[in-house]
Number of protein chains: 2
Amino acid sequence: MTRLYNFCAGPAALPLPVLEQARDEITDWHGKGLSIMEMSHRSKEFVAVAAQAEQDLRDLLKIPANYKVLFMQGGAHSQFSMVPMNLLRGGKKADYIVTGQWSKKAVGEAKRYADVHIAASTEGNNFTSVPAQHELDLSADAAYVHYCPNETIGGVKFDYIPDVGDKVLVADYSSSILSEPIDVSKFGLIYAGAQKNIGPAGICVVIVREDLLGDTLPGTPTMFDYKVCADNDSMYNTPPTYSWYLAGLVFQWLKAQGGVEGIAVVNHRKAAKLYDYIDNSGFYANPVVKNNRSIMNVPFTLQDAALDKTFLAESEAAGLLNLAGHRSVGGMRASIYNAVSEEAVDALIAFMADFAKRHG
Amino acid sequence: MTRLYNFCAGPAALPLPVLEQARDEITDWHGKGLSIMEMSHRSKEFVAVAAQAEQDLRDLLKIPANYKVLFMQGGAHSQFSMVPMNLLRGGKKADYIVTGQWSKKAVGEAKRYADVHIAASTEGNNFTSVPAQHELDLSADAAYVHYCPNETIGGVKFDYIPDVGDKVLVADYSSSILSEPIDVSKFGLIYAGAQKNIGPAGICVVIVREDLLGDTLPGTPTMFDYKVCADNDSMYNTPPTYSWYLAGLVFQWLKAQGGVEGIAVVNHRKAAKLYDYIDNSGFYANPVVKNNRSIMNVPFTLQDAALDKTFLAESEAAGLLNLAGHRSVGGMRASIYNAVSEEAVDALIAFMADFAKRHG
């Protein structure tokens, strides 16, 4: 077995020890004679696995007791609907901050349910920065304010948590949850698709302040009602048990890395190395304002776009996988999530330097 | 490793060769240097896995070309909402046949969107039979007719496909899909949560006639729109890639068993053995009318319910797992899905006979 370096934006690299543990117990979990994925979600064994995963996530993010943690299905795209369906709470208006393709997609779906007010958009500068606090045009009557702290495609990150006064702040943390500490108490709701820093695709974590539950739009599917999910410990129906179990293994691995605080040090070091190299290379470029650069997703371009195909072919041959930028923007992108080691980033930089030398 | 006999109703037993193959390639899929769950859903590798799984399912069920096959999230519970949201198509009324807890739950959710007419209900006889064709009170103006061909909890199975004339027939096949051949052309839509005969929980198969797509209720979440899912080959958002892959392995395993036709012979033989034993035991009983007995879920009671706990403890100690009936009805239930071998059923019968001898 040769494990290569995987810079995929998602579904993304998972820690090898997690995959190895999953492998070792896939046919016989803890000597019980069956796989964890063959157990009832209501068995005492699976209920314990699920509860441990929740507790580990609570520990990692220091989630206050008045927040519910939900394990849902349907990814962030389903959250784009669930957020207005659950959080308008009799209101009509919602503020959205647009800093990239993902917050823009959230707007598109929210418009079907809410009077959406764009509090700020950086589309004018091609999503290469985030708006400053004083540039946020917040509505007096918005039921909530939605933003995306880390845009996966543009590689743009908020360097501050927006102050929205007494409004409910909602964040799509899909691509940066667990990469560094979050002050959960500043948020009404956080959601994150699993397939970057949590586990395999097919599960979505929602962290929601419990006083916000229980007032959905008419016609909201029962499966989209956060309160129903919370009241049933995310087991109103059969949850994606194996994905939940794998997420739990990732949480335990992360604890062993020193938790979110520990991994944040590594993440910042990995990102700083890569951006420093890019900025000083004279061959590669990243267009994002320095303070707003993502530590998880690093897009970059080559001096000459005609070399893109060669770069991708040679990097893949060198065991550096999935460096193509998102199909909507082109160029390159290295996603360096928690499970992407510093060694992988070092190997990438070494390859980039060699490539530049040969083609510059 | 000791694999025990698992009679869980769901998430249920999976074929050992499937788990072994998944184990062997979990850290390095086909020498690519990463797990299939670490690959982009848009990679050529995963797209090929997904397409192969769809083709194998089409082969197994002989799905006509004018049907779309969708791999969705949210289980059958989400289908309870999606069906009216997508299939009312300007109409108001829908007919539901109620033969157990699952079809009853479908009614509960459908009432939030449709004028539900109960075409028949067997609740009066405690769900121990299905209504005959002539007992179905079908509405002239129903947009569709919904039923559940196999009720997992009651162990009740339709021994015929309802004739609904030119109406759209919708079936929740969660617990009996792939257990025997289905004439898909009789249906407008079939759905099935994966966690019985398809794969692990977290994916739901929908087979829908393509002329029914594209007319949803206002406010239908985009993720609940079958047409959006179909137009994007079930990749409008990131699908549960690992569950999809595992489902594909199950389909390949099933083909190697002689397909649905082959497994149906074994399934009927397993069920016949178990019911014959129960009926002749003088100790156990199954209340369902003979022609309507499920070949997948076999509920049974003991002569004396005071022995239930002893039966469960002794059966578990004998390596026969998960024989408790559903928490809503009690008693026992042996779910004998495709992946539960004939050997497992033989072992169960031997245990039951021994238990009866000792306690009868």
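Chain A has a mean pLDDT of 97, and 100% of its residues reach 70 or more. The model is predicted, and its scores are ipTM 0.97 and pTM 0.98.

**The sheet of chain B**

Chain B holds an open sheet of seven strands with mixed pairing, in the order 2-10-9-8-5-3-4. Strand 2 (67-72) and strand 4 (115-121) of chain B each have a single partner strand, so they stand at the edges and one side of each is left without a neighbour in the sheet. On average, neighbouring strands of this sheet are turned by 20 degrees against each other, direction ignored.

D95(B) has H117(B), in strand 4 of chain B, as its bridge partner.

**Helices on the sheet**

| Helix of chain B | Strands of chain B, among them | Angle |
|---|---|---|
| Helix 2 (residues 44-61) | lies across strand 2 and strand 10 (204-209) | about 125 degrees to strand 2 |
| Helix 3 (residues 75-87) | touches strand 2, strand 3 and strand 5 (142-147) | about 160 degrees with strand 9 (189-193) |

Helix 3 of chain B also touches strand 8 (168-172), strand 9 and strand 10 of chain B.

**Cavities**

There are three cavities of 30 Å³ or more. The largest cavity has a volume of about 360 Å³. It is lined by 36 residues, and the closest to its centre are Q73(A), G74(A), S78(A), Q73(B) and G74(B). Strand 2, helix 3 and helix 5 (226-231) of chain A, together with strand 2, helix 3 and helix 5 of chain B, each give two or more residues to this lining. The lining residues of the largest cavity comprise 21 nonpolar, 13 polar and two charged.

Terms used
Residues numbered from 1 in each chain as written. Chains lettered and ligands numbered in written order. Predicted model: local features only at pLDDT ≥ 70, side-chain atom pairs only at ≥ 80, totals over all residues. Heavy atoms only, no water. pLDDT = per-residue confidence, 0-100. Pairing = 2+ DSSP bridges. Helix = DSSP H or I, 4+ residues; strand = E, 2+ residues; numbered from the N terminus. Axes fitted to C-alpha atoms, helices over the stretch in contact; angles between N-to-C directions. Contact = heavy atoms within 4.5 Å. 1 Å grid on protein atoms, 1.4 Å probe; cavity = no way out; pocket = protein on both sides within 12 Å on 5 of 7 lines; lining within 4 Å. Points joined across faces, edges and corners; volume = space filled by probe spheres on them. Nonpolar A, V, L, I, M, F, W, Y, C, P; charged D, E, K, R; others polar.
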